[in-house]
Amino acid sequence: MANSTMESGVDPRARIQSQVEQSLRRRHAREKRFRRFGLTAVMLGLAFVAVLFVSIFSRGLPAFWQSTLTLDVRFDPAVLDMGPPPQQKPEESPRDFQQRLNAWNFQLTMASWNTILEDALIAEKPALEEHRRQLRKLFTSGAKYRLRDMVAENPSLIGQSREVTLLADAEVDVWIRGNIDRSLPDARLQLSPEVRRIADELHEDGLLNVTFSTTLFTNSDSRSSPASAGLAGAFMGSLFMMLVVIVLAVPVGVASAIYLEEFAPKNKLVDLIEVNINNLAAVPSIVFGLLGASIFINWFRLPLSAPLVGGLVLSLMTLPTVIITTRSALKAVPPSIRQAALALGASRVQTVFQQVLPLAIPGILTGAIIGVAQALGETAPLLLIGMNAFVANIPTTPFEQSTALPVQIYLWQGNEMRNFFEARTSAAIIVLLLMMISLNAFAIWLRKKFERRW
Amino acid sequence: MDNMTLIVLLLILMGVAYQLGLTRSRAVASNTTGRMNSRPGYYGWLVALWCGLPALLVFVLWTLLEPAVIRSVVFSQLPPEMSNLSSQQVGNLMQRLGDIASGYGVSGEPAPYEVAAAETLARLRDIGELAKIAVMASLALAGLFIARGRIRPQLRARNHVEKVVNAGLLLCSGVAILTTVGIVFSMFGEAMRFFSFVNPLDFFFGLNWNPRFSSTGHSSYGDFGLLPLLWGTLMISIIALLVAVPVGLMTAIYMSEYAPSWLRSFAKPVIEVLAGIPTIVYGVFALMVVGPFFSNLGDLVGIQIRSTSALTAGFVMGVMIIPFVSSLSDDIISQVPQSLRDGSLGMGATKSETIRQVVLPAALPGIVGAFLLAASRAIGETMIVVLAAGNSPVLHANPFEAVSTVTVTIVNQLTGDTDFASPQSLVAFALGLTLFVITLGLNVVALYIVRKYREQYD
């Protein structure tokens, strides 16, 4: 009896306690699981960033180094069989002189530069004489133009020797650096066995080296000479487009933000504008490309592939971003500033332009930079207005044909010379990312430096 | 004198006008006993505006209208049989006449009527140029001197200038409306031209996408069925959301409720970096890293996964919108009032129970809105899919196979093509219109939900 009372007295409490403990354990386990899920999500996010950057940088960094041949090049007068460059004669019209100069330059271009390159190699390694015809395949075709430009600049070089560092052919570069499976059968390799052997020998002798190369920054895109294809043209194109965005989108965006935030009365028109801006911010970028193709290209007949048109399209695209960030910068200025100015008798315009705006400038600049960075990274709309055309020149005005950095990345990733251009593409991405990061870092710095807490 | 110099000269003249107004107002001020209505600078501005604005207006109108006027005069001289040319031919002819007029020469011997027309053209252009400069100069100078002469103490210069500033600001705000109008009209116009070739029903409900090249003749244009593209878009967006929503939402929850401050201050900006990376970079990343990875993974488990597939594109797109989802969710979660949390914790609920049963249900409408915004992002995304989706516009439900999307097809149909007469390129506008309407609809609904939700706790 005592036993049973003890049991019935303790049993429910113990049962409940054990139930509670069990459920607590379960609930705490669930809590832990939930936390772990959260942590996993954060780690996944961080891992994505890490994988992205590591894979891009590990692929792209090697492209800043390239195979080059450093040779003593003799500008043999026997090969470069040409007279001195024409001088302007007093009785000659400028047009005739230009014609003679063109003829001279043409003759210079048509000279047998391959022979000069071959001679230079044979002078280093006489044993190569028997493979003379193969030697030219070691050089990228841009090497010839490099030598030609040297002579055109300084005709007295003919007959002299100079030490020149020349880029090796892209295929040679791929072979030397092992970016291609060396055990592939001959049929699947672009280079003949002979050239491969010569390249390996030259590499061992220290004539053919992998050195840091600036061609990626100084040259424009090139089809005939992939090894010397660079980003300079695309960079200038992007720069011009950013300029157009700065000149158009930033002032117009700031002005409309000022209007909407400080002056706009509450009416239907202002509501319409606000709804419009919010919607424009969400319109896919490619739609702006269609707008550009239809209105700027087809209607106004503006030139295809011009940074001006690209800049116009990107300006329309970044306008909402600039407006929205500027408005929040203006909102952050406390109303007491405005009230104080108005109380002292300043007009609304005076208040805004002399008191509110100077205080909001850091925020506005941050917004403008973010907008420009967004424009810098955009690709899709540019494809529709012809900016993906191949352009070999570095543009000097916003009206000339050009590409842009992201479009150049798009073009290079599609290049057939996969083994060579994969690294080039990643290198271009590195350049683009560095530009974006520095723009954003500048924006953050501005904000940190001038931010005021009220 | 090209237009650029003209504008720069006008700006310089405005600067001079400002100075003149300034000195004049000071002179007036020193001669009167009463007070001037405004500060001297406003008189300067007023004179500068009077000098610059009318001339600028004339400049803009002139530049817009001159080509049309010249064209109509030149064409009235042409032989009558040339009166019914298409707009394309008119453009070509004007180009040719312009080349003759400028002396660069053209291919082929120009016909006598062409030479005559080109002469007229050259003469008209010269006259137009001179007349434009003359009109602008006289307007600018007239404005300058009239405004300068009107400077009196009673002149409410500041109010006038401020009115102009206000109008200018309003004009700038109008650019947003103009852009929307431009988008809608250009899309609509070109899409209507497309629908004159292809039945809208065949476009919106067609199951096949197979546009033939325009060179194969006008008898058949091929099939322009939208559904395979829409299906591909949907599939990729769903995969992207399946990646982005759990990771993004859990990141936001963990960051706001659990993470120690050192982790938050480090991880938050790092994950936000994902939002700033250009989409082309994601595309190349998908193509070079993620695609081969999935393809190898498929080989390992015995499924055939193409390296460019809906899965690759969707996964990478999901990674791209993680920060978008997480920052939107973060905003929304932090808007749930602390009292709800405290109540739940006070009743003995664990943190995760509070989040799952109190915070999330309270934040649900906002989170749904965030998902819709993310979905509209995914639908409009272009470069990732161009590079990584494989471009195969076929209806199938296998995410491991290649698909095509609306955006990819727009790029393919319009890239490098300026011939806006064939349905093959015009279809891009019909697709763009579809895309525009879908994303707009999603956004309107999402913003409505988010706003509604905000009001709930305000």
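Let me start with one residue, Ser295(B). Leaving out residues up to four places away in sequence, Ser295(B) touches Ile305(B), Arg306(B) and Ser307(B). Keep in mind throughout that this is a predicted model.

Where does Ser295(B) sit? Ser295(B) belongs to helix α9 of chain B, which covers residues 279–301. Is Ser295(B) buried or partly exposed? Being buried takes 20 or more other C-beta atoms within 10 Å. Ser295(B) has 19 C-beta neighbours inside 10 Å, so it counts as partly exposed. One further distance for this residue: Thr312(B) is 17 residues away along the chain, and the C-alpha atoms of Ser295(B) and Thr312(B) are 9.3 Å apart.

Next, the rest of chain B. It is divided into domain 1, residues 3–155, and domain 2, residues 222–457. Between the C-alpha centres of these two domains of chain B there are 50 Å.

Now the nonpolar cores. In general, nonpolar side chains in soluble globular proteins tend to be buried together. Here, the largest nonpolar core has 244 residues. Which of its residues touch the most other members? They are Val47(B), Val316(B) and Ile384(B). Take Ile384(B) as the example. Again not counting residues up to four places away in sequence, the residues Ile384(B) touches include Thr279(B), Tyr282(B), Gly283(B) and Ala286(B). Ala313(B), Val316(B), Met317(B) and Met320(B) are also in contact with Ile384(B). Another core, of six residues, lies apart from the largest one, and among its members are Leu97(B), Ala101(B), Ala118(B) and Leu121(B).

On to chain A. Its secondary structure consists of 17 helices and three strands. The C-alpha trace of chain A spans about 120 × 85 × 40 Å along its principal axes. The radius of gyration of chain A is 33 Å, whereas a compact globule of 454 residues would have one near 22 Å. As for burial, 42% of the 454 residues of chain A count as buried. If we take the contacts in chain A with a separation of 6 or more, 78% of them are between residues 24 or more positions apart.

Last, the place where the two chains meet.

Note on methods. Residues numbered from 1 in each chain as written. Chains lettered and ligands numbered in written order. Predicted model: local features only at pLDDT ≥ 70, side-chain atom pairs only at ≥ 80, totals over all residues. Helix = DSSP H or I, 4+ residues; strand = E, 2+ residues; numbered from the N terminus. Rg over C-alpha atoms; globule rule 2.2 N^0.38 Å. Buried ≥ 20, exposed ≤ 12 C-beta atoms within 10 Å, placed from the backbone. Contact = placed C-beta atoms within 7 Å. Domains from an automatic or database assignment. Core = buried A, V, L, I, M, F, W, Y, C linked by C-beta atoms within 7 Å.
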